[in-house]
Amino acid sequence: MIYLLAFVAGVVSTLVFHQGLLALLHASGASPRVAYLMTKVPPFGLPQFVSTAFWGGVWAVVLLPLLARWADTSSYWLAWLIAGALLPSIVALFVVLPLKGKGVAAGGNARIIVGALLVNAVWGLGTALLLRLFQLLGTRTG
């Protein structure tokens, strides 16, 4: 059940925190990337933001056991912030973008690199917040 909740937390965090910050960065001119992108992506032809949200859920499931050692410590928030900023960003910049023919680390584009680190850090914090909220709701109802 905890992995399902982690997946939901990752999806919701992507839609609210990750894409929300991306929208603010784009509106301010700090990022060339558009939030809630409707461009259809393979293999199912779903909008890009739906695919991104799905992968946000997957990342939450992957990070949950890796960050479990900090679950009951004051480092909980920092662990999710750092892991959220670094791990998805490294994979996106050094694996996904080259596979899509966009060059390693977007060709060194600082706006893309910093933007990835920021939106993924906020995603990590949002995921941590939602996991704590689910935990609190579970203790009250269970």
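Trainee: In which helix is Thr14 found?

Mentor: Thr14 is found in helix H1, residues 2–27. A helix here is a DSSP run of H or I with at least four residues, a strand is a run of E with at least two, and both are numbered from the N terminus. This is a predicted model, in which local features need pLDDT of at least 70, side-chain atom pairs count only at pLDDT 80 or more, and totals for chains, interfaces and linings use all residues. Residues are numbered from 1 along each chain as its sequence is written, and side-chain values use heavy atoms, with hydrogens and water left out.

Now to the surroundings of Thr14. With a relative accessible area of 1%, Thr14 is buried (buried means under 20% relative accessible area, exposed over 50%, and partly exposed in between, with a 1.4 Å probe and protein chains only). A polar atom of the Thr14 side chain lies 2.7 Å from the backbone oxygen of Gly10. That pair is a polar contact (a pair of N or O atoms within 3.5 Å; within protein, one must be able to donate a hydrogen and the other to accept it, and residues adjacent in sequence count only if both atoms are side-chain atoms). Leaving aside residues up to four places away in sequence, Thr14 touches Gln19, Thr52, Ala53, Gly56 and Trp123, where contact means heavy atoms within 4.5 Å.

Most residues other than glycine have a negative phi, and most peptide bonds are trans. Tyr36, in the loop between H1 and E1, has a positive phi near 50°. At 36% relative accessibility, Tyr36 counts as partly exposed. Ala105 also has a positive phi, of about 50°, although it is not a glycine. Ala105 belongs to helix H4, residues 105–108, and counts as buried because its relative accessibility is 8%. As for peptide bonds, the one from Pro42 to Pro43 is cis, with omega near 5°. Pro43 is in the loop between strand E1 (40–41) and strand E2 (46–47).

One last stop is a pair of helices. On one side of their contact are Trp59, Ala60, Leu63 and Leu64 in H2; on the other are Trp80, Ala83, Gly84, Leu87, Pro88 and Val91 in H3. These residues divide into nine nonpolar, one polar and no charged (Ala, Val, Leu, Ile, Met, Phe, Trp, Tyr, Cys and Pro count as nonpolar, Asp, Glu, Lys and Arg as charged, and the others, Gly among them, as polar).
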